[in-house]
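I opened this notebook to keep track of what I looked up, entry by entry. I begin with the whole chain and then go to single places in it.

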Amino acid sequence: MFVRQCVGGLARRAARLLLAILLLVLGGCGQKDDSSEQPVARPGDPLAVAVEHLRQNRTDEAAASLSEIIQREPGNAEALYYRGVACRRQGNASGAIDDFTAAIRRDPTRREAYLARGEVFLAKGLVEVALADLSQAVELSPEFPEALRQRASAYTLSGMPDRAIDDAAASIRLDPESARAYQVLGAAHLARGDFGQAVSCFEEAIHHNDALATAVNPDLAKALFRLGMDLDSQGRRADAQQAFARAQSLDAALEEPVREYEAKKDAGEPAGRARKPAAAYLDRGRRCLEKRQWDEALSAFTSAIQSDRTSAEAYRGRGAAFLEKGFPDCAIEDFRRAIYLDSGNAEAYRQRCRAYTMMGDVYRALADGTEAIRLAPDSAEAYRNRGLAYLEKGLGERAVMDLNEAVRLDPAMEPTTRRDRARAYQTRGYQQLERGSIESGETDLDEAIRLDPSLTPRIQSERAQALRRRGLARLQNEDYSRAITDLKRAIALEPMLELSLGVDLANAHRQRGLALLRLNDRTGALADLNEAVQLNPDLKWQVESALGPQPTVHNVARP
């Protein structure tokens, strides 16, 4: 009965316990040497100079120098990473995430970028997303003590203290002098209910670094308070009183909970404030998505997840917000969790299809798009997303089919899909041209221009090249009439081709003229041969030789 009386007080302070653990993580982030794995300093090396600015805590100078480097070299992964570090120190979490993400995209093996981005996500309360990054850092470097320690913190906040304990213990094995690793291990034991071990770990952390006492004492006090409750339930009243007294001496805020515990230990009254239902946070998150308030949506869905970690819709909603903010890799992790919790969640598959397409992982995108359509065959958005994945893959035929089906299912989507459908028809048209199906290709290209007139210059150029190729092939096959038609159309579409095609067109006219001459069609022959000479005067002697001594060509040639 005595133990039940304090459950209410503990429930009221559960949120504060999680916050305290999170603050420990933030404190650890602040002390971390962000300039680890520095480039070797070379005289005049701008990157090494910028890193030195970071090491000397001249953050603004470092950020300015790194921005200059990135402006010159947009793909410099090291500069992006260190600018992310600078943004983080300046309190610009979004800028830090952007730079760490860019660094990862340019160098997926950069373990410290995954670690740093995971730490920022952890500080923002995005625990599951942080776990994905921290796990990737550990996968890249299994004996990375800092990544193991931070992942242990994330596991604790995710309600997985057993895994947290494993990671924290591994971190200590790799770095036995790490006071913060003992601190994290203590928090994991506290979350699991191993209050005696939690007390020992917190004391060990302070022993290794007494400067941590201020940060550790509140959690040490909570562990002592809970240990006192356990001891009291075992009938060890004197030991319990000693634990309570020490807890209060470390954290005066526990005086009231101890008095409450003592006053209610025989009453058995339930107490505590219920957490806000996840449904309320979900509603707020949906409204924020509708208003395109992405940051507010992230916050609301994160609160929903913290209220109910089994809510597939909360993970899906947060993934959608990540997707709109341009973080497809983070979105994929949330969609994965949503699908794990609800394998029939068509929306999660549909949106993950889009995220994979943005990441360039087209095969997974197509698999998710197909599954989304299977689960929701009337979803226009599902067809649209799979169509875009086909388009990214270069499968114009299937892209046209899916995007047209999307518009058929939802005619209101027509204006928003015009550009995508134009690109699909353009892709299919080019593929038809490459196969030699000029007429079919031109039909598709005409439709692409109708949907998006801005494509006209590029399409006309491609169309001209296709006609040029077919015209030259027909010339080789002695199909002179159709060769002339193709080559003239190519020049009409792309006048610049006249310089390169003039000789070929002249040759086609000469060859057709000679063929007509053999058929005794002298009028037609003279017209072609005259045109050949006009296009290429060097042919004049060949034509006159073919005609004999008659001055035909010379007389009809235009000045």
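**Entry 1: the whole protein**

I looked up the secondary structure and found 32 helices and zero strands in the protein, where helices (H or I, at least four residues) and strands (E, at least two) are DSSP runs numbered from the N terminus. I note that this is a predicted model, in which local features need pLDDT of at least 70, side-chain atom pairs count only at pLDDT 80 or more, and totals for chains, interfaces and linings use all residues. Residues are numbered from 1 along each chain as its sequence is written, and side-chain values use heavy atoms, with hydrogens and water left out.

The protein averages a pLDDT of 79, and 83% of the residues score at least 70. Over residues 1–41 the pLDDT is below 50, and this stretch has 86 contacts in the model beyond near neighbours in sequence, a contact being heavy atoms within 4.5 Å. Residues 551–559 also have a pLDDT below 50, with 15 contacts beyond near neighbours in sequence.

Of the 559 residues in the protein, 51% are buried; I use buried for under 20% relative accessible area, exposed for over 50%, and partly exposed for what lies in between (1.4 Å probe, protein chains only). The accessible surface comes to about 26,400 Å², and 49% of it belongs to carbon and sulfur atoms; these areas come from the Shrake-Rupley method with a 1.4 Å probe, and for residues only the protein chains shown count as cover. Taking contacts between residues at least 6 apart in sequence, I noted that 54% join residues at least 24 apart.

**Entry 2: the second largest pocket**

I turned to the second largest pocket, which has a volume of about 490 Å³. On a 1 Å grid over the protein atoms alone, a pocket is an open set of points where a 1.4 Å probe fits, with protein on both sides within 12 Å along at least five of seven lines, whereas a cavity is a set from which the probe cannot get out; lining residues have an atom within 4 Å of a point. Grid points are joined across faces, edges and corners, and the volume is the space filled by probe spheres set on the points.

Which residues are closest to the centre of this pocket? Of the 20 residues that line it, they are Tyr114, Gln136, Asp329, Ile332 and Met359. Two or more lining residues come from each of α7 (93–106), α8 (111–123), α9 (127–140), α20 (328–341) and α21 (346–359), and α20 gives the most, with five residues. By class I recorded nine nonpolar, two polar and nine charged residues in the lining; Ala, Val, Leu, Ile, Met, Phe, Trp, Tyr, Cys and Pro count as nonpolar, Asp, Glu, Lys and Arg as charged, and the others, Gly among them, as polar.

His53 has its place in helix α4 (residues 46–55), and I found His53 buried, with a relative accessible area of 16%. Leaving aside neighbours within four places in sequence, His53 is in contact with Arg58, Thr59, Glu61, Ala62 and Ser65. In the loop between α4 and α5 I came to Asn57, which has a positive phi of about 60° although it is not a glycine. Is Asn57 buried or exposed? Asn57 is exposed, at 59% relative accessible area.

Ile70 is found in helix α5 (residues 59–72) and counts as buried because its relative accessible area is 10%. The C-alpha atoms of Ile70 and Leu80, ten residues apart along the chain, are separated by 7.0 Å.

**Entry 3: further along the chain**

Arg292 lies in the loop between α17 (278–290) and α18 (294–307), and I noted its positive phi of about 60° although it is not a glycine. In helix α18 I looked up Thr302, which counts as buried at 6% relative accessibility. Thr302 touches Gly125, Leu126 and Arg318, not counting residues up to four places away in sequence.

Thr417, in helix α25 (residues 414–434), is buried at 0% relative accessibility.

Technical notes: pLDDT is the predictor's confidence in each residue, from 0 to 100.
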